[in-house]
Amino acid sequence: MTATASPVAASEDLLWLRGAAAGSGLALLMAGAVSSHLRNGDGVGEFAPTLGSGLAAFAYVAAVKGVPS
């Protein structure tokens, strides 16, 4: 009897990749939003939540992918 990998196990192995892709997309979206706020001359108080969300998304991607030390 040979051992074969189940589709569920393969899916769980790629879960980190999906999370990293989602986090990267969110970080890029927030970078565009900050850029738009700056272009419109908005104050820091108006784009601070966007900046915070972008930094949190970047930190998540760095934690999931792993940062070389």
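**View 1. Gly-19 and its place in helix 2.** The place of Gly-19 is in helix 2, where helices are DSSP runs (H or I) of at least four residues, strands are runs (E) of at least two, and both are numbered from the N terminus. This is a predicted model, in which local features need pLDDT of at least 70 and side-chain atom pairs count only at pLDDT 80 or more, whereas totals for chains, interfaces and linings use all residues. Residues are numbered from 1 along each chain as its sequence is written, and side-chain values use heavy atoms, with hydrogens and water left out. Gly-19 has a relative accessible area of 15% and is therefore buried, a term that means under 20% relative accessible area, while exposed means over 50% and partly exposed lies in between (1.4 Å probe, protein chains only).

**View 2. Helix 2 along its length.** Helix 2 consists of 25 residues and reaches 36 Å from its first C-alpha to its last. This is close to the 36 Å expected at 1.5 Å a residue, the expected span being 1.5 Å times one less than the number of residues. The buried residues of this helix are Gly-19, Ala-20, Gly-23, Met-30 and Val-34. Their cover includes helix 3. Just after helix 2, Gly-41 takes a positive phi of about 75 degrees.

**View 3. A nonpolar patch on the surface.** Leu-14, Trp-16 and Leu-17 together form a nonpolar surface patch with about 310 Å² of accessible area. Patches are made of residues with over 30% relative accessible area and no salt bridge, with like charges joined within 9 Å and nonpolar side chains (Val, Leu, Ile, Met, Phe, Trp, Tyr) within 5 Å. A salt bridge is a side-chain nitrogen of Lys or Arg within 4 Å of a carboxyl oxygen of Asp or Glu. Accessible areas come from the Shrake-Rupley method with a 1.4 Å probe, and for residues only the protein chains shown count as cover. Trp-16 is found in helix 2 (residues 15-39). Its relative accessible area of 46% makes Trp-16 partly exposed.

**View 4. Helix 3 and its buried residues.** Helix 3 has 22 residues and reaches 30 Å from its first C-alpha to its last, close to the 32 Å expected at 1.5 Å a residue. Phe-47, Thr-50, Gly-54, Ala-57 and Val-61 are the buried residues of helix 3. What covers them includes helix 2. Just after helix 3, Gly-66 takes a positive phi of about 95 degrees.

View 5. Thr-50 belongs to helix 3 and counts as buried because its relative accessibility is 13%. Apart from its neighbours within four places in sequence, Thr-50 is in contact with Met-30, Ala-33, Val-34 and His-37, contact meaning heavy atoms within 4.5 Å. Ala-48 also lies in helix 3 (residues 44-65), but Ala-48 counts as partly exposed, at 36% relative accessibility. The C-alpha atoms of Ala-48 and Val-34 are separated by 8.5 Å, and these residues are 14 apart along the chain.

**View 6. The protein as a whole.** The protein has 3 helices and 0 strands, and its elements run α-α-α from the N terminus on. Of its 69 residues, 14% are buried. The protein exposes about 5,200 Å², of which carbon and sulfur atoms supply 69%.
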